Amino acid sequence: FVVWTGDSPDHGIYKDPNISTAAARKVTELLESHAPNTTIYPIHGNHEFDPMNVQDFSLETDPVIQLVSGAWAHWLSKEAYEEYSKKSYYSMVASDHPNTTEEFKKKMNNTRIIGFNSQDCYVYNFYLIGQKNDPGQQLQWLEDTLRDIEQKGEVAILIGHMAPGTSDCISEVSSRIQAIYDRFQHVIRLNLFG
């Protein structure tokens, strides 16, 4: 399987979500044409946004997420697509991916993919000044999701763009994510960040 952790666009500022997401949609088309039966789990980076680096979590719907989720709908389960297009993060049973084979389903049995939106901690996301506590309620969602995974006897693979604990992630958010990771370290089998 392939994990795609975002930042396909260049570093231009376009003031148009159709342009800022064009590279992500083009890479999607290339992957579909060159690897049509590949299991791909995507998540966006900070450069897909318009303006670049910022996401306003108070918006009911984000135009960038709408464009990207539409391009990736065929790689997500119905529930994950609905969750991602509304919240900009998602969780799905790995074997629910439309391109999984029976062999893959056996290998990934009881594994859940968590697409984590690292815009909630990015130091250059100026919207966080007014939304510091838990933007988009993602950290509470992550904790609840991992608790559910624990209760079901599943394991998790987290994918995201910016890794918590780096200088790009606000330290207070990194600390809270680390506490969640520590609590669920027996459930989280892998973290993959761009």
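**Helices and rings, by the numbers**

Reader: Why are α3 and α4 called roughly antiparallel to each other?

Author: Helix α3 (residues 63–72) and helix α4 (residues 78–87) pack at an angle of about 165°, with their axes 8 Å apart. Angles over 145 degrees count as roughly antiparallel, so α3 and α4 are roughly antiparallel to each other. Bear in mind that this is a predicted model, where local features need pLDDT of at least 70, side-chain atom pairs count only at pLDDT 80 or more, and totals for chains, interfaces and linings use all residues. Residues are numbered from 1 along each chain as its sequence is written, and side-chain values use heavy atoms, with hydrogens and water left out.

Reader: What makes the pair of W4 and W75 edge-to-face?

Author: Rings of Phe, Tyr and Trp (its six-membered ring) pair if their centres lie within 6.5 Å, and planes over 60 degrees apart count as edge-to-face. The rings of W4 and W75 have centres 6.1 Å apart and planes at 70°, so this pair is edge-to-face. W4 sits in strand β1 (residues 2–4) and W75 in the loop between α3 and α4, 71 residues apart.

Reader: How do you know whether W75 is buried or exposed?

Author: Buried means under 20% relative accessible area, and exposed means over 50% (1.4 Å probe, protein chains only). W75 has 2% relative accessibility, so W75 counts as buried. W4, at 10%, is buried too.

Reader: And what makes Y124 count as exposed?

Author: Its relative accessibility is 53%, so Y124 falls in the exposed class. Y122, with 8%, counts as buried.

Methods:
Axes are lines fitted to C-alpha atoms, for helices over the stretch in contact, and angles run from 0 to 180 degrees between N-to-C directions. Helices (H or I, at least four residues) and strands (E, at least two) are DSSP runs, numbered from the N terminus. Angles under 35 degrees count as roughly parallel, over 145 as roughly antiparallel, 65 to 115 as roughly perpendicular and the rest as oblique. Rings of Phe, Tyr and Trp (its six-membered ring) pair if their centres lie within 6.5 Å; planes under 30 degrees apart count as stacked, over 60 as edge-to-face and the rest as tilted.
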